[in-house]
Amino acid sequence: MEDGKTASPPGAEGGEEEDDFGYRLFPDRNKEPQSFLVRSLFTFHNRCQVMLRMTLETNPYAQLLIAAMKQSGCTVFNDRHFSCENCDGCVSGGFDSATSQIVLCQNNIRHQSHMNRVVAHELIHAFDHCRAHVDWFKNVKHLACSETCVRDRAIRSILAVRKVSRETAEKAVDEVFDACFNDLEPFGRIPHSKTDAKRAYKDFLNRDRYTANL
């Protein structure tokens with residue numbers, strides 16, 4: 001969860017009415033898509049698109065994750081895999097595994113730094129979905145593992161999108177914490193700063209050059 005404000009994933013296919021997979025947080029998921037002309041009239045949507053473009057062009061965390069996904073066979077297309085939408089007031093973004101889309105909450109993301117954090121966070125879910133074939137809906141441990149950047153945030157994210165007890169969420173996080181916390185792919189290191197992220201991105205791009213000479 002990003003600053004206690006993101007939730008993943010927002011969608012599921014074929015769930016019964018009583019199942020709660022986080023749909024309520026992303027009300028625009030079930031609406032008919034608006035025309036470009038209608039969407040262009042909304043300031044929130046335009047601002048979201050501009051900030052997203054800036055993140056994808058300049059943020060090393062996002063660039064590394066997108067490059068890693070492409071290498072894993074999951075090429076990211078900006079107009080296909082990102083969607084700026086209005087969301088519930090408690091979330092900033094989410095990953096919809098049913099459509100392989102990252103939802104960006106245009107009514108809640110108001111600063112570039114916030115957009116950077118949300119995109120990077122949700123791209124981690126997208127990367128896990130591509131690489132590890134995560135069972136988001138039936139295996140709470142998988143969800144916990146993808147959320148485990150910080151234990152408490154992982155617990156809050158699970159509780160936001162699943163009707164499970166706090167005890168169940170805590171147990172799932174505790175069982176996967178060590179293995180998932182030590183899984184540094186695709187960064188290869190814990191990026192404590194933007195400089196670290198730039199180095200990780202450079203190392204990732206050069207990874208194939210090293211192995212090619214062996």
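Q: In what order do the three strands of the open sheet lie?
A: This is a predicted model: local features need pLDDT of at least 70, side-chain atom pairs count only at pLDDT 80 or more, and totals for chains, interfaces and linings use all residues. Residues are numbered from 1 along each chain as its sequence is written, and side-chain values use heavy atoms, leaving out hydrogens and water. Helices (H or I, at least four residues) and strands (E, at least two) are DSSP runs, numbered from the N terminus. The sheet has mixed pairing, and its strand order is 1-3-2.

Q: Which are the edge strands?
A: Two strands pair if DSSP finds at least two bridges between them. An edge strand here pairs on one side only. That picks out strand 1 (82–85) and strand 2.

Q: Which residue in strand 3 is the bridge partner of Gly94?
A: Gly94 belongs to strand 2 (residues 93–96). Strand 2 and strand 3 (residues 101–105) run antiparallel, joined by four bridges. Ser83 also stands opposite the residue in question. The partner of Gly94 is Val103.

Q: Is the disulfide of Cys48 and Cys84 left-handed or right-handed?
A: A disulfide is a pair of cysteine sulfur atoms within 2.5 Å. Cys48 and Cys84 qualify, with S to S at 2.0 Å. The torsion about their S-S bond is about -80 degrees, so the disulfide is left-handed.

Q: How many residues apart in sequence are the parts that Cys74 and Cys130 tie together?
A: These two cysteines form a disulfide, with sulfur atoms 2.1 Å apart. Cys74 lies in the loop between helix 3 (60–71) and helix 4 (78–81), and Cys130 in helix 5 (residues 112–132), so the distance in sequence is 56 residues.

Q: Why does Cys105 count as buried?
A: Buried means under 20% relative accessible area, exposed over 50%, partly exposed in between (1.4 Å probe, protein chains only). Cys105 counts as buried because its relative accessibility is 0%.

Q: Which cysteine sulfur is nearest to that of Cys90?
A: Cys90 is in no disulfide. The nearest cysteine sulfur is 8.7 Å away and belongs to Cys105.
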